[in-house]
Amino acid sequence: MSAKYQIPQHSVPLDDSWDVIVVGGGPAGSAAATAAARAGARTLLIEAATALGGMGTLGLVPWFCGYADGETVIARGIAEHIRTALCEGMPHLKEAQMGWWPAIDPELLKRTYDELVTGAGATVLFQSQVCQVDCGAHGQVQTLLVANKAGLRAYRAKVYVDCTGDGDLAAWAGAPFEKGDAAGNLQPATHCFMLTNVEPYDCWYNPQRPAGSAPSLHFFDPASPVHKALESGRYPLIVDWHSCSTRIGPKTFGYNFGHVYDVDNTDPVSVSKALMLGRKQAAQYRAAFAEFHPAFADAFLAATGTVLGVRETRRIMGDYVLGLDDYLARRSFPDEICRNAYNIDVHRKVDTAAAVAATKKPEELRQANEQEVKQLGNGESYGVPYRCLTPRGLKNVLVAGRCISTDRQVNGSVRIMACCLTTGEAAGTAAAMAAAAPLPDVHAVDTNRLRVSLLEHGAYLPEEPIH
């Protein structure tokens with residue numbers, strides 16, 4: 001836009017009663033608000049949509065990744081509360097390892113987050129969008145301007161936690177950030193969806209599947225309907241073999257399938273187009289499944305995500321940038337606030353012809369995939385230091401979730417919801433500590449005290465002495 005409009009000067013109502021304001025109510029924001037409130041901070045959680053939970057509720061991502069390292073659950077504390085609530089409310093998750101990577105009933109998860117956050121004493125403000133960040137001297141965010149059905153309102157706190165995923169608050173306040181690769185390319189998004197009236201089928205590829213039995217939908221299975229759809233040429237919006245699904249209820253399955261390319265979640269025009277394309281894409285998947293797999297003969301497309309499944313936008317640069325060397329070394333840190341056990345998972349644009357060719361050699365595809373993601377072994381994880389949550393140049397702002405300070409490859413590992421929960425809990429705890437200081441400074445938080453508090457609330461951290 002080249003034309004400019006000068007907003008007339010006018011005053012708006014100001015609410016300055018808060019110690020901590022958390023922006024964004026996904027896993028990171030819900031955990032941050034819960035942790036800050038339970039520590040005694042007067043806490044407000046501002047969410048642009050109509051429910052908490054982000055990708056697990058509004059985005060219809062069908063299960064949590066990265067809860068366990070193959071031997072034990074390592075996403076604990078508030079994350080463990082969420083996992084347990086899902087397992088208790090979804091009886092089919094009681095099987096051993098399914099509870100490690102729990103499927104998601106989005107309505108159950110919405111209620112779980114509601115009860116968690118409000119039960120801790122935080123206040124939630126839905127359908128409210130932060131539209132401006134006003135800063136004072138010396139890296140202090142002073143006020144947030146928020147738009148909702150009440151018009152424009154100003155909110156002020158001692159400490160702010162950016163859990164927007166895109167790092168909006170921190171970036172608008174002037175924090176340095178990186179975005180995408182060196183050329184600005186971003187990982188593709190996925191528009192998740194839900195099908196009902198589906199007969200039972202095998203969600204995962206089994207190389208020993210008996211001859212004549214129904215195939216899975218997983219991309220390693222050469223008989224998958226996804227492969228057949230690609231080969232048929234009749235479903236132009238099915239452009240690659242990315243495909244993961246799980247059962248979330250009786251005859252009801254969730255789908256993290258396909259990619260929507262060339263979308264930037266910080267550009268509302270780009271996102272608007274992508275959402276409309278994603279809805280058409282979901283309809284083509286349902287039609288292809290019905291054509292190529294008997295379990296979907298009467299399947300019904302029940303819902304698509306109300307938000308797009310975005311993997312990558314800004315990474316806010318903090319006092320430490322977690323990098324590939326840290327991941328490869330399975331490194332621990334003196335100021336470590338959580339462990340992460342999800343592999344590097346950076347999605348790239350796939351040529352449709354190459355995707356069709358890949359369907360003819362699933363074992364080679366499997367090997368290439370495992371080499372690409374640099375698999376962690378059983379019992380292996382790496383630490384995330386507190387310094388990844390402290391943006392450079394901002395004294396009273398923390399970040400948590402997808403936008404924390406990492407390089408691009410490690411961002412492909414920490415972006416998952418389990419790690420968002422654990423970084424969110426740490427950020428909320430630290431925000432309450434900083435807000436209680438005479439001069440709030442998130443960089444001056446005593447990380448020994450922070451770690452002790454997290455351990456007292458069930459966090460999984462190395463057992464070496466804290467000095």
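Trainee: Leaving aside neighbours within four places in sequence, with which residues is glutamate 71 in contact?

Mentor: Contact means heavy atoms within 4.5 Å. This is a predicted model, in which local features need pLDDT of at least 70, side-chain atom pairs count only at pLDDT 80 or more, and totals for chains, interfaces and linings use all residues. Residues are numbered from 1 along each chain as its sequence is written, and side-chain values use heavy atoms, with hydrogens and water left out. With neighbours within four places set aside, the partners of glutamate 71 are Trp100, Asn378 and Gly379.

Trainee: Is glutamate 71 buried or exposed?

Mentor: Glutamate 71 is located in the loop between β3 (43–46) and α2 (78–89). Buried means under 20% relative accessible area, exposed over 50%, and partly exposed in between (1.4 Å probe, protein chains only). The relative accessible area of glutamate 71 is 55%, so the residue is exposed.

Trainee: How are α1 and α11 oriented to each other?

Mentor: The axes of α1 (residues 27–38) and α11 (residues 417–435), lines fitted to C-alpha atoms over the stretch in contact with angles running from 0 to 180 degrees between N-to-C directions, come within 7 Å and cross at roughly 30°. Angles under 35 degrees count as roughly parallel, over 145 as roughly antiparallel, 65 to 115 as roughly perpendicular and the rest as oblique. The two helices α1 and α11 are therefore roughly parallel.

Technical notes. Helix = DSSP H or I, 4+ residues; strand = E, 2+ residues; numbered from the N terminus.
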